[in-house]
Amino acid sequence: MAYQKVKGTLDYFDLDSKKYRFIESKVSSIVKGYGFSEMITPIFENTEVFVRSVGEASDIVSKEMYTFLDKGERSLTLRPEGTAAIVRCFVENKLYATPGIKKYYYFGPMFRYERPQKGRYRQFNQFGVEVYGDASPYLDCDVIYSAYKILSSLKIKGIKLKINTIGDFESRKNYTDALRNYFKDKLEFLCDDCKNRFAKNPMRILDCKVDGESDIIKNAPKIKDYLTDEAKEYFNNTLKALDELKVPYICDDNLVRGLDYYTDTVFEFISDFDGLAICAGGRYADLIKSFDGPDIPGIGFAFGIERIKNIMEQEDLFPKLDNLTDVVIISLDDESKICALKLASILRENKITVEMDYKNNSLKPQFKLSDRINPKYIVIIGEAERESGIYTVKDVLNKKEDKVELNKIIDYVKGE
Ligand code: AMP
């Protein structure tokens, strides 16, 4: 075929687009209940926005960004993730100027040059939240709980919450030193990317998609042995709060998350069905400051919509989404077609879905169309109906037929 969609992208139409919108409206309505308001940012930003926040050593920045020069020679990047752009918008618009915790959610496409496979695309959609203003284990718990609630409201089962802490700055520094010390004489066994990560951010080595399962990485020092007392207490209180809310979790020492900005709590919801992360997030202490904003901490998470959709399809969790056409109008001559257009418009204004045939005047092809569409009602308009103002209405479901005055058709179709 001459024209095909770009590798790693998806088209949404018919039932698929309804499923996408179903997920969107369900998750948005839940977070609105938590007091989140929507933030809509451009799908591209100055490249620096992502380099500075996600980190040069991350796979996203070093390998996966769609970066290009515009006609004014500015380096722009299609957003690979949501947090950096939301922070940029928060700082640029001084949304920190009023007191209190700020809660935002976003929904939309992200772009990463990854190797396409099931559940991994080059354009995919994320739903995410970001909360600014406080660092508290109880806030961390509440944010994780909202992600947990989203999954349960979509009735998704078989999901594990993995959680870890990567500590405060002091813990991270101690841990980074320990990792450098451990890996310095093992570099020859690591991939080229990891050699690079060793210099820039050794914690990223633990996250490597190539070396990740090797014994060298499994036996590497664990962050829990390098946490400061404060970081330990923060994490324990987060876990305690999750226990109280009866949110099941698994502590995973090797969970470090692939983006540079995280501190303290990091988490992922993993599907038993395919082992993929359906949601991931964490706390970040100084991202807002690094955008020249005030010293305000944040926490957030992002869901992959395609992965949610995939699981919901496997577990048969979507309600019936193909809405039936209420009425097909059959019209028997050109003048009746005009009548049909007018009737269709009145019915549609009353939220009744209507289809009609625009071309044929004989009954046979119009009944064929109607058979295909399978509406709840068929209205027939011919010369006699036009003159009397009384239309023939077939109730397809109950297999009956009535003569109905024009101004009573709406009530009839609505069953009133
Ligand atoms: P991240 O921004 O990498 O923390 O990813 C957050 C979530 O987005 C993941 O848990 C996935 O559900 C989803 N996700 C990330 N990358 C992709 C991708 N390439 N294709 C589809 N979904 C993705």
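A nitrogen atom of the ligand is placed 2.9 Å from a polar backbone atom of Y121, where a polar contact is a pair of N or O atoms within 3.5 Å. A polar side-chain atom of E114 lies 2.6 Å from a ligand nitrogen atom, and a polar backbone atom of C279 is 3.4 Å from a ligand oxygen atom. The protein covers 93% of the 480 Å² of accessible area (Shrake-Rupley method, 1.4 Å probe) that the ligand has on its own.

## Basis of the model

This is a predicted model, in which local features need pLDDT of at least 70 and side-chain atom pairs count only at pLDDT 80 or more, while totals for chains, interfaces and linings use all residues. Residues are numbered from 1 along each chain as its sequence is written, and side-chain values use heavy atoms, without hydrogens and water.

## Shell around the ligand

Around the ligand are 15 residues (a heavy atom within 4 Å), of which R112, E114, Y121, R257 and A277 come nearest. By class, the shell has seven nonpolar, three polar and five charged residues. Ala, Val, Leu, Ile, Met, Phe, Trp, Tyr, Cys and Pro count as nonpolar, Asp, Glu, Lys and Arg as charged, and the others, Gly among them, as polar.

Strand 6 (123-132), strand 10 (277-284) and strand 11 (298-304) each supply at least two shell residues; strands are DSSP runs of E with at least two residues, numbered from the N terminus. Strand 10 gives the largest share, four residues.

Key:
A polar contact is a pair of N or O atoms within 3.5 Å; within protein, one must be able to donate a hydrogen and the other to accept it, and residues adjacent in sequence count only if both atoms are side-chain atoms.
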